[in-house]
Amino acid sequence: MKKFFLIFILSLFFSVTNYGQDYEPMLKPGSFWDVDTDDAAGFCHYNERRYLIDSDTLINNIQYKKVKILPFHGDPNPDWPDNCIIPPYEIYSNDFSYAEFYLREDIANKKVYIWTHDFENPNDFKEYTLYDFNVETGDEIENSYHAWGASMNVINVEVNSEGRKVVIVGGAVYEYIEGIGTETVVFNSDHNIIGGPTHRLICWGNNSNQNGCTPVLSIEDYRLSQIKVYPNPTAGKISFSNLENNTFKLYSVLGKEMSFQFSQENQEMDISHLQQGIYFLEIRGTQNSKRVVKVIKN
């Protein structure tokens, strides 16, 4: 009896495991969506920000994910200086807010839910079905967020070139993609979670896959990137500009830490006593940020 019970448990485990393997989760650790806003003519993009999956929170004893909003900062676009900024963008990590909604994902059933303002009673909150990837053509999605809590018809289900399931739903026809969400915005523009219909999804990613997004620098990394190290190659002295209370370590190609003299007054490092060769200069900033520069000693 125990043997049969064990076989049953193992078969159940593998069936559930295999069932989840053909589904690409949306709410992975570190998942983010970069979004901006078009002007009426579509020439200017502004209000750039990142929606980032953050910490867990319990609501009615159900675990949801908080969504952190990180605004982008950058230089004004010379053609549209009043609104637009141009990359590379910076994220001020301390300058954030939390979205007024929470997300949870049922991987076994391939569904994503949203806890947000009740459409009928905006002062209350309610859970709606945000996405359902366990559907086929002709099905109905009940309690759909995109239909204000009503049902929504599934017009077609297909698989794109990346192997992701694409669900096309009726009403105001649009599609959403497994692991990503909608193509034009992250969640849905119709109900002002992110805004109006002029919002668009720039790119999306997570901790392990940046999906070709334009690199976004944190303010700490941005500051390190602005430090100039010269001359390089050097006969013995290295000068710096744009330092902000940075610290340094110098390593040989074998990983041995090397000694050097640093003048705070002159913003200068002396490595004239070292042999010719290649070294790696580690520049450290705040919050454990660092940048490594290859230095060639003549």
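## Close-up views of a predicted model

Figure 1. A pair of aromatic rings is described by how far apart the centres are and by the angle of the planes. For Phe-240 and Phe-248 the centres are 4.9 Å apart and the planes stand at 35°, so the pair is tilted. The angle falls in this class because planes under 30 degrees apart would count as stacked and those over 60 as edge-to-face.

Figure 2. The protein holds 14 aromatic pairs by the rule applied here. One of them joins Phe-96 and Tyr-98, whose ring centres lie 5.5 Å from each other with 85° between the planes, an arrangement that is edge-to-face. Phe-96 is partly exposed, at 34% relative accessibility, and Tyr-98 is also partly exposed, with a relative accessible area of 38%. Elsewhere, Tyr-23, Tyr-131, Phe-133 and Tyr-176 together make up one aromatic cluster.

Figure 3. Asp-106 belongs to strand E6, which covers residues 102-106. A polar atom of the Asp-106 side chain lies 3.3 Å from the backbone nitrogen of Ala-108, and the side chains of Asp-106 and Asn-109 are joined by a polar contact of 2.8 Å. When the neighbours within four places in sequence are left aside, Asp-106 is in contact with Lys-111 and Tyr-113. Asp-132 is 26 residues away from Asp-106 along the chain, and the C-alpha atoms of these two residues are separated by 9.6 Å.

**Figure 4. Two arginines over aromatic rings.** Arg-104 lies over the face of Tyr-113, at 4.1 Å from the ring centre; Tyr-113 is also one of the residues in contact with Asp-106. In a second example, Arg-50 lies over the face of Phe-32, and here the distance from the ring centre is 3.7 Å.

**Figure 5. The whole protein, as a setting for the close-ups.** The protein contains two helices and 23 strands, and buried residues account for 41% of its 298 residues. Among the contacts between residues at least 6 apart in sequence, 44% join residues that are at least 24 apart. The accessible surface comes to about 17000 Å², and 50% of this surface belongs to carbon and sulfur atoms.

Notes:
Residues are numbered from 1 along each chain as its sequence is written. This is a predicted model: local features need pLDDT of at least 70, side-chain atom pairs count only at pLDDT 80 or more; totals for chains, interfaces and linings use all residues. Side-chain values use heavy atoms; hydrogens and water are left out. Helices (H or I, at least four residues) and strands (E, at least two) are DSSP runs, numbered from the N terminus. Contact means heavy atoms within 4.5 Å. A polar contact is a pair of N or O atoms within 3.5 Å; within protein, one must be able to donate a hydrogen and the other to accept it, and residues adjacent in sequence count only if both atoms are side-chain atoms. Rings of Phe, Tyr and Trp (its six-membered ring) pair if their centres lie within 6.5 Å; planes under 30 degrees apart count as stacked, over 60 as edge-to-face and the rest as tilted. Buried means under 20% relative accessible area, exposed over 50%, partly exposed in between (1.4 Å probe, protein chains only). A charge sits over a ring if NZ of Lys or CZ of Arg is within 6 Å of the ring centre and within 35 degrees of the ring normal. Accessible areas come from the Shrake-Rupley method with a 1.4 Å probe; for residues, only the protein chains shown count as cover.
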